[in-house]
Amino acid sequence: MREAVDEFRRFQRDKEVNSQLYSKLTVRGKVQVKSSDIQVGDLIIVEKNQRIPSDMVFLRTSEKAGSCFIRTDQLDGETDWKLKVAVSCTQRLPALGDLFSINAYVYAQKPQLDIHSFEGTFTREDSDPPVHESLSIENTLWASTVVASGTVIGVVIYTGKETRSVMNTSNPKNKVGLLDLELNQLTKALFLALVALSVVMVTLQGFAGPWYRSLFRFLLLFSYIIPISLRVNLDMGKAAYGWMIMKDEHIPGTVVRTSTIPEELGRLVYLLTDKTGTLTQNEMVFKRLHLGTVSYGTDTMDEIQNHLVNAYAQTQCQAGGSSTISTPPRKAASSAPKVRRSVSSRVHEAVKAVALCHNVTPVYEARGAAGETEVAEADQDFSDDNRTYQASSPDEVALVQWTESVGLTLVSRDLTSMQLRTPSGQILTFCILQTFPFTSESKRMGVIVRDESTAEITFYMKGADVAMASIVQYNDWLEEECGNMAREGLRTLVVAKRALTEEQYQDFESRYNQAKLSLHDRTLKVAAVVESLEREMELLCLTGVEDQLQADVRPTLEMLRNAGIKIWMLTGDKLETATCIAKSSHLVSRTQDTHVFRPVTSRGEAHLELNAFRRKHDCALVIPGDALEVCLKYYEHEFVELACQCPAVVCCRCSPTQKAHIVKLLQQHTGRRTCAIGDGGNDVSMIQAADCGIGIEGKEGRQASLAADFSITRFKHVGRLLMVHGRSSYKRSAALGQFVMHRGLIISTMQAVFSSVFYFASVPLYQGFLMVGYATAYTMFPVFSLVLDQDVKPEMAMLYPELYKDLTKGRSLSFKTFLIWVLISIYQGGILMFGALVLFESEFVHVVAISFTALVLTELLMVALTVRTWHWLMVVAQLLSLGCYVASLAFLNEYFDVAFITTVTFVWKVSAITVVSCLPLYVLKYLKRKLSPPSYSKLSS
């Protein structure tokens, strides 16, 4: 039922999305179409804040600049806006209708998985000569993204299952908890017992007459052995645990999305976590600027400000624009030695490079950026409190915000130009000639700009130290300083520049455009052309940005480690950054060694490196994604075995599919329960692959939290979720499951004894309503109230995470505990039946009354025996059930002799039988608590 309701809701959501209306442009004007009717080749108009229905090539926009922003948080989990560019040939057409007057076609590659790449060409045939334009990722609008500015018109290239967003979603598997699997095993064992018992009964009858009929009658009589009500009880229990988790005020905002696996939280051995946004806040703060000879930290930023004021004051003086601002610095500068000025100009160059080399766009809310036309009133338009920055990575925003804080402000940007404001309020305009976006392969981004005032062309570039080391001129400090910054937990970027002459640039541009139009190996050819520029660049500076840790990450990781959970960090980040976050978050303790796995490419290298690692003891492993691929290809089993012995493992430069692959490997090789926790769209596959997925609602959108089984708001909530809720859910369900089985076994034992005494007759002991009442009204509430049981207070469970370690062995529910319950059931069933038979007088009807009353009392007493901490609802449940039974005695006169029930003999016989069946168990329990107390009782006493 519950799954059917979920399915129906999904169907309704899908239908709602598929019947959204969009404007389609035809020769006769605009027509409204449902999104499910859109076909390849349609021209679709999408308004601001509307979802893009299918993958399109971006032809036109209402924005003057010929570009627009889209929000991609539903596609790749990033919350920042992406800039998209219209095809210039169609953007230049005077009016919308002219799209039908031209003769053009779009060539697109076959559908692919990669959302960050696209190759295609746009060809207009009716012009002379024909226009060929290369299409790349910035000309595309993928489905599931939302238009953030302006109105866009695009031509549909992929629909339905061929869209990037659908190709990237994997079918999630239905998750089944380990406890459910274990209970299934026990139920199978009980079924075999049922068949065996029936066969034994028929054999003892001597196979007389139509024996197969008797066999089936016995099967029906003993069918109470199979705990039919187990599933119902457990499902209600799971719903109750989910409700408790959501109502816990210590972890506000927690949502249980998969109600079938709360017990899994109590059995985890491996926790795989993402880094950015999960352990860290994904909020970048600029911390350090290093120029090779001088280093500026947060406390010396004012010096940079002075250098900038000086530098710009000097340029103004040279230009003859001697203003009042420039006089005091000029005296200081002229009297200062030459060295000082060179530092000043180097700082100025470095800050200018950081302010220009990026992909950030300032966005103004209410008044809009009208500053391009009225430069005189620039100060009113570009009011600082009204500006926000949009970029594809938070690092870039941090850098631009920093240049603003030291006095060089980015005030506007479109496709072709960028404007900076100097400390004195002067506006500098730069023409953007080319931009080379950041990719995970190149690990760097570049921009070629022309300064409008001097017409100088400069190529600026920034990127990871690995990529930039070979590009910049020889120097002796870069590698060392990068290492120092990484150890402090900073993300480093190297900034460099190269001045170009007009001829050099023209030559480059023609080769670059030619490479962009090639249909085969386009990426390789373009990269080769760009690389011809990336030679002997002048190293300007090294920047350090800090990604701050989330609140209480250290104590939470400490607690999880004490609970015996092994923590693996899987991140897409650089090795250095990953290592320093692992150290600063105490994922790897200060005293521990870390073994950094060298990049390996072949089988032999992997073998040597694994041997080197095998010789180390108690040391954390740091391994890059490509080395991991090689190891898993040749030495999967050995590698997983070694890695599982490590106290902590850090995998850096991991792709989303690799993350999921690691999860599956751990499940196959160790057979233990895994939990994945992340916050971005890139963690979804890992979360879905794990036995238990936890999503954090973070900066990177809600994709992970929607795909997860449990959604939390902070990483620190994981501690309480596992230690308190996971632990108690597992222990309660284990007790509940075994008790429900005991309830069926005890009545079947009584039936077996009864049949044996009466010459193996297949006659039921209790008629219709008594059996129904026994399974429902008389015992349901007390048994279900075990859901409220707890062995230690939540505060204790949080204080002693070692209690959690006991659970991973799975001792609360095993064949051993199950057999103990079976023996208890046989003992009690036997005592109840024989007692009633021994004490009953002449009439048979009294056997039923005495044994049934004793049975109900025994069940209630057994619940009381199992409970570890009393809750007021449990007492209510016990009294309610007893009341139900006593009240129903009056109505069930066809089963009970009311006159006999009210006599003293009845009362003492029932009491005697109940005492004999329950007292020994109480005694045994008391002795066990005294002689070998469980770990939790040592704490609570």
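Helix 5 and helix 7 are roughly antiparallel to each other, because the angle between them falls in the range over 145 degrees. The model is predicted. In it, helix 5 covers residues 178-205 and helix 7 covers residues 229-247. Their angle is about 165 degrees. Their axes lie 12 Å apart. The crossing of helix 5 past helix 7 is right-handed.

Two packed helices are described by the angle between their axes and by the distance between those axes. A second pair can be read in the same terms. Helix 25 spans residues 717-757, and helix 30 spans residues 815-839. They pack at about 40 degrees, with axes 8 Å apart. That angle makes helix 25 oblique to helix 30. What is the residue make-up of the contact of helix 25 with helix 30? It divides into 17 nonpolar residues and eight polar ones, with no charged residues. The crossing of helix 25 and helix 30 is right-handed.

Helix 25 and helix 30 also belong to the surroundings of a pocket. Each supplies at least two residues of the lining of the second largest pocket. So do helix 29 (802-807), helix 31 (845-866), helix 34 (904-931) and helix 35 (935-940). Which helix gives the most to this lining? Helix 30 does, with six residues. The second largest pocket holds about 1400 Å³ of space. Its lining counts 33 residues, and the closest to the pocket centre are Arg811, Thr817, Arg868, Lys928 and Tyr936. By class, the lining of the second largest pocket has 16 nonpolar, seven polar and ten charged residues.

The structure holds one cavity of 30 Å³ or more. About 50 Å³ of space lies in the largest cavity. Which residues line the largest cavity? They are Trp568, Leu628, Leu632, Phe639, Val640, Ala643, Ile662, Leu665 and Leu666. This lining has nine nonpolar residues, no polar ones and no charged ones. Helix 20 (625-634), helix 21 (636-645) and helix 22 (656-670) each supply at least two residues of the lining of the largest cavity.

Strand 31 covers residues 692-696, and strand 32 covers residues 710-712. They run parallel and are joined by three bridges. Where does Ile696 find its bridge partner in strand 32? The partner is Ile712.

Another open sheet has three strands, in the order 7-8-9. Here the pairing is antiparallel. Strand 7 (104-108) and strand 9 (131-135) are the edge strands, each pairing on one side only. From one strand to the next, the twist averages 15 degrees. Strand 8 covers residues 120-124 and pairs with strand 7 over five bridges, in the antiparallel sense. Opposite Ala108 stands Gly120 of strand 8.

How values were computed: Residues are numbered from 1 along each chain as its sequence is written. This is a predicted model: local features need pLDDT of at least 70, side-chain atom pairs count only at pLDDT 80 or more; totals for chains, interfaces and linings use all residues. Side-chain values use heavy atoms; hydrogens and water are left out. Axes are lines fitted to C-alpha atoms, for helices over the stretch in contact, and angles run from 0 to 180 degrees between N-to-C directions. Helices (H or I, at least four residues) and strands (E, at least two) are DSSP runs, numbered from the N terminus. Angles under 35 degrees count as roughly parallel, over 145 as roughly antiparallel, 65 to 115 as roughly perpendicular and the rest as oblique. A crossing is left-handed if the near helix is turned anticlockwise from the far one by less than a right angle, and right-handed if clockwise. Ala, Val, Leu, Ile, Met, Phe, Trp, Tyr, Cys and Pro count as nonpolar, Asp, Glu, Lys and Arg as charged, and the others, Gly among them, as polar. On a 1 Å grid over the protein atoms alone, a cavity is a set of points where a 1.4 Å probe fits but cannot get out, and a pocket is an open set with protein on both sides within 12 Å along at least five of seven lines; lining residues have an atom within 4 Å of a point. Grid points are joined across faces, edges and corners, and a volume is the space filled by probe spheres set on the points. Two strands pair if DSSP finds at least two bridges between them.
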